[in-house]
Every structure is written in C-alpha cells, then in structure tokens.
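Please look at the structure first.

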Amino acid sequence: MQETPILDTLPTHLAVIMDGNGRWATERGLPRVAGHRKGAEAVRKLVRYCADLGIPNLTVFAFSSENWQRPAHEVSLLLELFVQMLDKEVRSLHKNGIRFRVLGDISRFPQKIQQRIGKAQQLTASNTKLCLNIAASYGGRWDITQACRSIAESVSAGLLDAEQITEGLLQSCLSTESSPDPDLFIRTGGERRISNFLLWQLAYAELYFVDDLWPDFDERSLLVALTWFSSRQRRFGMTREQLQAAGSGGNA
Ligand code: IPE
Ligand code: IPE
Ligand code: MG
C-alpha cells in the first residue's frame, strides 16, 4: 500500500456506482465482458483498501434492476462472474472479518445462486471489520417499495398503527437496515446521475463524480476522492455559523 495522506475524516459508509466497464473494453477492441472481468478485479482491490483504511461500510452497485434489460448474453455473463466471485472470494472475505450482504431483489436470480448468497451471508453475518454490501438486481425504487409493502403488511395484520410509521421505521425496513446512510458517493465513468441507486439513503451524501472508467479506478483515485470528502463542510441544513458555534465544522 502506498503512503496514505492524512485524512481528517473518513466516510462511515462509502457507496460506489462502478460504471464504465463496457467502454473500457470497447476502447481496447475487447468484448464488454472483458471490461466486467477487469472491473471485478477493481472491486476486490477496493474492498481491501477500505478494510485497510478502516471504512466500516461499503456498498457497490454491481447490477441494477434496469440492467436486466441488457442483451441476454451480457446478463448471463454478469451472473457467471457473480457466481465465480461468490465461490472464490467469500472464504477470504470471511477470513478477513468482512461481512458480506447482497442488497436487491434476489428472487429474480436462479435458485442455486439464491442459496449460495444465503450461505455466504450466514457464514459472514457476525463479522465486524467491514460490511460489504453488493447491490445486485437492486433499484432504489424497488427498495422503498419493498419497505412500504412490509410496513403495510404489519398494519393490515394489526401489529402496527399508521401513526407509528416514521422515517426511522421506514429506514429500518430498507435493505440497508441498520447501516448508517452513505456519507460519500462515488460514480466513475463520467455520468452525473444516480441511476436508481440508494435513493432514500443518499439524501445527504457528498456526491463525487469522476471521469475514470471503473477498471482504472485504483487506490490513488480513492485517496483523491477521500481527500475531497474530508474537505467538505457537511451542514445538514444548518448554517456555517451554527456549526462553528457547536464546535464542529462538518468535515472541514
Ligand atoms: C458498469 O459498467 C457495470 C454494470 C452496469 C454491470 P457498464 O457495463 O455500464 O459500462 P459502460 O457504462 O457501458 O461503459
Ligand atoms: C448503473 O450503471 C448501474 C451499475 C453500475 C450497476 P448503468 O450503466 O446501468 O447506468 P445508466 O444506464 O448509464 O444510467
Ligand atoms: Mg454504464
């Protein structure tokens, strides 16, 4: 690991849209899947950097609910890569104290993959070094909808009154459950959009967009993003003066 600059504040939850795998491959005259393979290596490294730095929560967007519309061969290759990752990486994640969770509508995955996900989640459930969330078959709208459905079921079963529905309750029914909201969001690949990622949870995240394509995103790129994050003043609707009076300048 290269020398780490002094970072005053690290995010407690980093959320990443890993975009640009296809373009990375096309630029090199390679099939898109080659970009996804290279992208998978970049994720593996990112997990290691975050664990080494002490970032406790990392959520990466691997496959969106809208990505099901891609050509069937690309979808099946992405699923294959996902299974390979499960087979190869889960043991070492566990050894390194990393909790593994999949966020998303996994009922759309083949049964066998669902079982493997369940096993990996169970195996790593009590690890605390880093919580790694892989958002797969995930959409922010799906997440809010499934939370509303589970609350509605409790109301109709007579377990809950409508007046007891609070922001906190809805938050706890989202797939991220008790994780803190992401405080830093990074999107590679040059697009300035959220593409139905963690819509509710990103309410106050610092948004960082970078033109690098995902397979090129390395430790140096992460450190640049983290340095930018640590210079942000996070005001949460308050004034600069209020924060100064309370002895907290946000991050900065
Ligand atoms: C992101 O890279 C990975 C997935 C969406 C699965 P893309 O595949 O979207 O790459 P580009 O944006 O086409 O370059
Ligand atoms: C967002 O990337 C989803 C993932 C990185 C998994 P997309 O490439 O699917 O996003 P759009 O289509 O450009 O908005
Ligand atoms: Mg893309």
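## Ligand 2: contacts

R193 places a polar side-chain atom 2.8 Å from an oxygen atom of ligand 2. A polar contact here is a pair of N or O atoms within 3.5 Å; within protein, one must be able to donate a hydrogen and the other to accept it, and residues adjacent in sequence count only if both atoms are side-chain atoms. An N or O atom in the side chain of N67 is 2.9 Å from a ligand 2 oxygen. For D19 the side-chain distance to an oxygen of ligand 2 is 3.1 Å. The protein covers 78% of the 390 Å² of accessible area that ligand 2 has on its own (Shrake-Rupley method, 1.4 Å probe).

This is a predicted model: local features need pLDDT of at least 70, side-chain atom pairs count only at pLDDT 80 or more, and totals for chains, interfaces and linings use all residues. Residues are numbered from 1 along each chain as its sequence is written, chains are lettered from A and ligands numbered from 1 in the order in which they are written, and side-chain values use heavy atoms, with hydrogens and water left out.

## Ligand 2: shell

The shell (residues with a heavy atom within 4 Å) includes I17, M18, F61, S64 and R187. Strand β2 (residues 57–64) provides the largest share, four residues. By class, the shell has five nonpolar, three polar and four charged residues.

## Ligand 1

Ligand 1 sits in the largest pocket. A pocket is an open set of points on a 1 Å grid over the protein atoms alone, with protein on both sides within 12 Å along at least five of seven lines. To sit there, a molecule needs more than half of its atoms within 2 Å of the grid points.

A backbone N or O atom of R23 lies 2.7 Å from an oxygen atom of ligand 1. For a backbone atom of G22 the distance is 2.9 Å. D19 brings a polar side-chain atom to 2.9 Å from a ligand 1 oxygen. Taken alone, ligand 1 exposes 380 Å², and the protein buries 87% of that. α1 (21–27) gives the most to the shell, with three residues.

## Enclosed space

The structure holds one cavity of 30 Å³ or more. A cavity is a set of grid points where a 1.4 Å probe fits but cannot get out. V33, R37, L77, E80, L81 and Q84 line the largest cavity. Of this lining, α3 supplies the largest share, four residues.

Notes:
Helices (H or I, at least four residues) and strands (E, at least two) are DSSP runs, numbered from the N terminus. Ala, Val, Leu, Ile, Met, Phe, Trp, Tyr, Cys and Pro count as nonpolar, Asp, Glu, Lys and Arg as charged, and the others, Gly among them, as polar. On a 1 Å grid over the protein atoms alone, a cavity is a set of points where a 1.4 Å probe fits but cannot get out, and a pocket is an open set with protein on both sides within 12 Å along at least five of seven lines; lining residues have an atom within 4 Å of a point. Grid points are joined across faces, edges and corners, and a volume is the space filled by probe spheres set on the points.
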